[in-house]
Amino acid sequence: MDADTLSAVIRGEPGPVRAFVREFTPSLRAVIRRLLPRVTTHREEDLLQELMVALFCEDARALRAWDPVGGRSLRTFLCVFAHRRVID
């Protein structure tokens with residue numbers, strides 16, 4: 001995902017937000033399944049929704065924290081974010 005598209009996601013533009021959710025949901029779901037292998041489908045969906053809300057709350061504060069110059073890909077950043085949130 002390029003910087004312009006991520007900016008559109010942060011602004012809440014519907015098309016880019018849908019693309020973001022479609023692109024990164026499998027990675028976030030994988031983090032949940034790895035950490036909670038016995039999680040029910042219903043609880044997995046709840047956790048996934050909680051992660052998305054956490055990413056977009058406070059004017060997308062968590063997404064704004066990603067620094068592409070820092071060396072981590074956006075996917076890696078999101079997986080680390082998800083890992084920490086699920087553990088909490």
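Q: With helices defined as DSSP runs of H or I with at least four residues, and strands as runs of E with at least two, both numbered from the N terminus, which helix does Ala60 lie in?
A: Ala60 lies in helix α3. A word on the model: this is a predicted model, in which local features need pLDDT of at least 70 and side-chain atom pairs count only at pLDDT 80 or more, while totals for chains, interfaces and linings use all residues. Residues are numbered from 1 along each chain as its sequence is written, and side-chain values use heavy atoms, with hydrogens and water left out.

Q: Why is Ala60 called buried?
A: Its relative accessible area is 2%. Buried means under 20%, exposed over 50% and partly exposed in between, using a 1.4 Å probe and protein chains only. Ala60 is therefore buried.

Q: What is noted about the phi of Ala60?
A: Phi of Ala60 is positive, at about 60 degrees, although Ala60 is not a glycine. Most residues other than glycine have a negative phi. Glu58, which is also placed in helix α3, has a positive phi near 55 degrees.

Q: How do you know whether Glu58 is buried or exposed?
A: Check the relative accessible area, which is 56% for Glu58. That value falls in the exposed class, so Glu58 is exposed.

Q: What makes Asp4 count as exposed?
A: Asp4 sits in helix α1 (residues 3–11). Its relative accessibility is 64%, so it counts as exposed. If you want to find Asp4 in the model, its C-alpha atom is separated by 9.9 Å from that of Pro16, 12 residues apart along the chain.

Q: Why are α1 and α2 called roughly perpendicular?
A: Their axes come within 8 Å and cross at roughly 105 degrees. Axes are lines fitted to C-alpha atoms, for helices over the stretch in contact, and angles run from 0 to 180 degrees between N-to-C directions. Angles under 35 degrees count as roughly parallel, over 145 as roughly antiparallel, 65 to 115 as roughly perpendicular and the rest as oblique. So α1 is roughly perpendicular to α2.

Q: Which residues make that contact between α1 and α2?
A: Thr5, Ala8 and Val9 come from α1, with Pro16, Val17 and Phe20 from α2; contact means heavy atoms within 4.5 Å. By class there are 5 nonpolar, 1 polar and no charged residues. Ala, Val, Leu, Ile, Met, Phe, Trp, Tyr, Cys and Pro count as nonpolar, Asp, Glu, Lys and Arg as charged, and the others, Gly among them, as polar.

Q: What makes α2 oblique to α4?
A: Helix α2 (residues 14–35) and helix α4 (residues 74–87) pack at about 45 degrees, with axes 9 Å apart. That angle makes α2 oblique to α4. Residues in this contact include Phe20, Phe24 and Leu28 of α2 and Leu78, Ala82 and Val86 of α4. The contact divides into 12 nonpolar, 2 polar and 3 charged residues.

Q: How are α3 and α4 placed relative to each other?
A: Helix α3 (residues 41–64) packs on α4 at an angle of about 115 degrees, with the axes 11 Å apart. The two are therefore roughly perpendicular to each other. Leu51, Ala54, Leu55, Ala62 and Leu63 in α3 meet Phe77, Leu78, Phe81, Ala82, Arg85 and Val86 in α4. This contact has 10 nonpolar, no polar and 1 charged residues.

Q: Why are Arg29 and Glu44 called buried, although they are charged residues?
A: Arg29, in helix α2, has a relative accessible area of 18%, so it is buried. Glu44, in helix α3, is buried at 5%. Not counting residues up to four places away in sequence, Arg29 touches Glu44, Glu45 and Leu48, and Glu44 touches Arg29, Ile32, Arg33 and Val39.

Q: What makes Cys57 partly exposed?
A: Its relative accessible area is 32%, so Cys57 is partly exposed.
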